[in-house]
Amino acid sequence: MVSQVSLLLDTNIISELVKAEPHPHVLQQFQGYKQEIAIPSLVWHELRFGWLRMPNSKRKQSIGLFLHDVVSLVPILPYDTAAAKIHAEIRVEAQRIGQTLPFADGQIAAIAMSQGLSLVTRNTKDFETICGLRLINWFE
């Protein structure tokens, strides 16, 4: 049986999984849907940037192993031409309704929308005004 990616994970989901005691529902969902998840290239950047900036420690080593052994095996989806087109559209719509959409959040949302995926995030409030974006919060 071939599985298909249906969920795009935001940085806060992966960050939760790195914790010594991750939220049990987030861990359960990650394990249950691991064949259906991907991360946007921007999330991969945010995770690696944060890790590279950490001082050398056991925690940094532990997170490095997690990024290598778990996260690097998840498909990483690029911000491509289709996502850029959608991103421009959702930025214009946000401006039209008087909202400011952080650039990276817009890119993440656009990747999800261009691939027909649901975005899994703890910060649903940051994305809820984006028309057509499907949101899931594994913390609820």
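A residue is called buried when its relative accessible area is under 20%, exposed when that value is over 50%, and partly exposed in between. The exercises below apply these cut-offs to a predicted model.

**Exercise 1. Decide whether Gly-132, Gln-35, His-25 and Phe-127 are buried, partly exposed or exposed.**

Step 1. Gly-132 belongs to the loop between H7 and strand S5 (135-136), and its relative accessibility is 58%, so Gly-132 counts as exposed.

Step 2. Gln-35 sits in the loop between H2 and S2, and because its relative accessibility is 54%, Gln-35 also counts as exposed.

Step 3. His-25 is part of helix H2, and with 26% relative accessibility it counts as partly exposed.

Step 4. Phe-127 is located in helix H7, where its relative accessible area of 1% makes it buried.

**Exercise 2. Work out which residues of helix H2 are buried and which are exposed on the other side, and why the buried ones line one face.**

Step 1. Within helix H2, which spans residues 24-32, the buried residues are Val-26, Gln-29 and Phe-30.

Step 2. Looking down the axis of H2, we find these buried residues within an arc of 100°, and therefore they line one face of the helix.

Step 3. Turning to the other side of H2, we find Pro-24, Gln-28 and Gly-32 exposed.

Step 4. The buried residues of H2 are covered by elements that include strand S1 (7-9), helix H1 (11-18) and strand S2 (37-40).

**Exercise 3. Describe the largest nonpolar core and find what Trp-138 touches, leaving out residues up to four places away in sequence.**

Step 1. The largest nonpolar core has 39 residues, and those that touch the most other members are Leu-8, Leu-9, Ile-14 and Trp-138.

Step 2. Helix H6 (residues 103-115) contributes the largest share of this core, namely 5 residues.

Step 3. With residues up to four places away in sequence left out, the contacts of Trp-138 include Val-26, Gln-29 and Phe-30, and also among them are His-25, Tyr-33, Ile-37 and Val-120.

Step 4. Seen from the side of His-25, and again not counting residues up to four places away in sequence, the residues touched are Trp-138 and Glu-140.

**Exercise 4. Give the volume of the largest pocket and describe its lining.**

Step 1. The volume of the largest pocket is about 160 Å³.

Step 2. Its lining is made of 15 residues, and those nearest the centre of the pocket are Ala-94, Gln-99, Leu-101, Thr-129 and Ile-130.

Step 3. Two helices, H5 (81-96) and H7 (124-127), each supply at least two residues of this lining.

Step 4. Sorted by class, the lining of the largest pocket holds 8 nonpolar, 3 polar and 4 charged residues.

Technical notes. Residues are numbered from 1 along each chain as its sequence is written. This is a predicted model: local features need pLDDT of at least 70, side-chain atom pairs count only at pLDDT 80 or more; totals for chains, interfaces and linings use all residues. Side-chain values use heavy atoms; hydrogens and water are left out. Buried means under 20% relative accessible area, exposed over 50%, partly exposed in between (1.4 Å probe, protein chains only). Helices (H or I, at least four residues) and strands (E, at least two) are DSSP runs, numbered from the N terminus. The arc is that of the directions from the helix axis to the C-beta atoms. Contact means heavy atoms within 4.5 Å. On a 1 Å grid over the protein atoms alone, a cavity is a set of points where a 1.4 Å probe fits but cannot get out, and a pocket is an open set with protein on both sides within 12 Å along at least five of seven lines; lining residues have an atom within 4 Å of a point. Grid points are joined across faces, edges and corners, and a volume is the space filled by probe spheres set on the points. Ala, Val, Leu, Ile, Met, Phe, Trp, Tyr, Cys and Pro count as nonpolar, Asp, Glu, Lys and Arg as charged, and the others, Gly among them, as polar. A nonpolar core is a set of buried Ala, Val, Leu, Ile, Met, Phe, Trp, Tyr and Cys residues joined through side-chain atoms within 4.5 Å.
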